[in-house]
Amino acid sequence: MMKEIEDKSSVEYQRLTWDALRKSINGLVNKVNATNIKNIIPELLGENLIRGRGLFCRSCMKSQMASPGFTDVFAALVAVVNTKFPEIGDLLLKRIILQLKRAYKRNDKPQLIAAVKFIAHLVNQQVAHELVALELLTIMLEQPTDDSVEVAVDFVKECGCILQDLCPKGLHGIFERFRGILHEGEIDKRVQFLIEGLFAIRKAKFQGHPAVRPELDLVEPEDQLTHEVSLEDEVDPEVGLDIFKQDPNFLENEKRYEELKKSILGDELEDGDGSDAGSDDDEDDEEEDEDSEEQNMLIKDETETNLINLRRTIYLTIMSSVDFEEAGHKLLKIKLDPGQEMELFIMLLECCSQERTYLRYYGLLGQRLCMINKLYQENFDKCFVQQYSMIHRLETNKLRNVAKFFAHLLVTDALPWHVLAYIRLTEEDTTSSSRIFIKILFQELSEHLGIRLLNERLNDPSMQDSFDSIFPKDNPRNARFAINFFTSIGLGGITENLREYLKNMPRMIMQPKSEDEPDSSSSGSGSSTAESESESSSSSSSSSDKSSKDNDRQIN
């Protein structure tokens, strides 16, 4: 009949194509299962789904209602179609929500269970946002009845696995509500047993209730489009899409869909045509071109998935090793991309800081890494600078562990002592957190080396440039602060040189002038030698004060 009609834009021809489209979509949807879904999808995308989007949604809902056991298959089919035509996924989700609302008001339990199950598997396939699931559970458990609690239990069984991964806190709140319902004891014993069984499933981490079966995991997470809808939104089911209507631009729209179909199914169509008309050489050339294009394509991971996986691998390696030698051996086998070397040391410090008390295991592991490669030593040097600059963000326990870790590296000479140059011990340049860090660091150094050996290290002439910031001699006030600090923590013995320096300073610097003293002696005949000496001493003190202020200004 379609061939007999010459005018392809006539109403009769459009009606015939509409009926053919409806029958084809219904046949494909009814035929789909877990084994043939990969073959059904290209056939389904070959039909004009833009024109028949209402037909597709209605067919999916009817088939799912008739066969609830195949709900995950229909959800997988919708998930693939949703990647190409997001408006179809959005329309289907709106219609299911409308069906759920109607069933809830009419107390139609079979239809409600079917709608809830479909939504659960759409959440599993990431077509629907997980907030819809939490909103649905909240409504079901707000005023619990035997039926509503039973439906909620079935819903959590279906999509609890993915909710545990995506929003564990929200799922925990739902289970707390289940616990409250159990304690209230107002529901039937049978339903109480269902809740207890659900808690057992949760304890087993939803084993036997996977979010998506492997054979139905057809869509990559980055390709899926997730729709955020609310049960409280006003929903337009667009029922008019299910009814035939004349399209004035029918031929133009059909051509557009043919072009779109070629872009979606281009590879398969080319393979089918090429077997008849094309030669093997042409196919080989096309394959080579595609391979070269794939090799030239650079993919940039904006989600930092690889970085998160790397950190997880490093963490598991550190925490699962028996001793530091095994951990070091395993960590050196991890393949790191250029620029990722710092992640190893950041994770090592993070693991160390998270412990309740400092474990020598981390210090020995850091020492081993520093001894193996100088690059690792340089990275720990950078880590020291980063940690000290952000030391005010750490809690006291974490701060103590980090200080003891770096003290171990310094004691064993795994980390060069010039890193202490990053610490400037003055009242203005330190905070309460940084003073605690310096206190624990030097107390650990003193405990392992002894006060005499520590003093020798700090008085090493070749390292004085690195230690000037810890024992400042630019200003008497800063020198006194450093002496008082180390004396208060029981390490006054390492400040002998700084005390000598203060003793040998001119008296005018040791005792600051009062405000009523003149800045210089009165300019007289200049015959008295004492007057000239006082002038020279006052001028030297003022110049030294000026230089110390300039230094402070530069540091600040």
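A residue is called buried here when its relative accessible area is under 20%, exposed when that area is over 50%, and partly exposed in between, with a 1.4 Å probe and protein chains only. The structure is a predicted model, in which local features need pLDDT of at least 70 and side-chain atom pairs count only at pLDDT 80 or more, while totals for chains, interfaces and linings use all residues. Residues are numbered from 1 along each chain as its sequence is written, and side-chain values use heavy atoms, with hydrogens and water left out.

**Cysteines**

- With a disulfide defined as a pair of cysteine sulfur atoms within 2.5 Å, the structure holds 0 disulfides.
- Cys-159 takes part in no disulfide, and the cysteine sulfur nearest to its own, that of Cys-167, is 8.8 Å away; because of this separation of 8.8 Å, the sulfur of Cys-167 is too far from that of Cys-159 for a bond.
- Cys-159 is buried, at a relative accessible area of 0%, and Cys-167 is buried as well, at 14%.

**Aromatic rings**

- Rings of Phe, Tyr and Trp (its six-membered ring) pair if their centres lie within 6.5 Å, and planes under 30 degrees apart count as stacked, over 60 as edge-to-face and the rest as tilted; by this rule there are 16 aromatic pairs.
- One of these pairs joins Phe-405 and Phe-406 in an edge-to-face arrangement, with 5.5 Å centre to centre and 80 degrees between the planes, and both Phe-405 and Phe-406 are buried.
- Ring pairs also link Phe-405 and Phe-406 into a cluster with Phe-345, Tyr-376, Phe-380, Phe-384, Tyr-388 and Phe-437.
- Where a charge over a ring requires NZ of Lys or CZ of Arg within 6 Å of the ring centre and within 35 degrees of the ring normal, Arg-202 lies over the face of Phe-175, at 4.4 Å from the ring centre.

**Helices**

- Helices (H or I, at least four residues) and strands (E, at least two) are DSSP runs, numbered from the N terminus.
- Helix α11 (residues 250-264) has 15 residues and should span 21 Å at 1.5 Å a residue, which agrees with the 21 Å between its end C-alpha atoms; the expected span is 1.5 Å times one less than the number of residues.
- The buried residues of α11 are Phe-250, Tyr-257 and Lys-261, whereas Lys-255, Arg-256, Glu-259, Lys-262 and Ser-263 are exposed on the other side of α11.
- Asn-478 lies in helix α23 (residues 476-488) and counts as buried at 4% relative accessibility; Asn-478 and Leu-425 are 53 residues apart in sequence and 7.8 Å apart in space, C-alpha to C-alpha.
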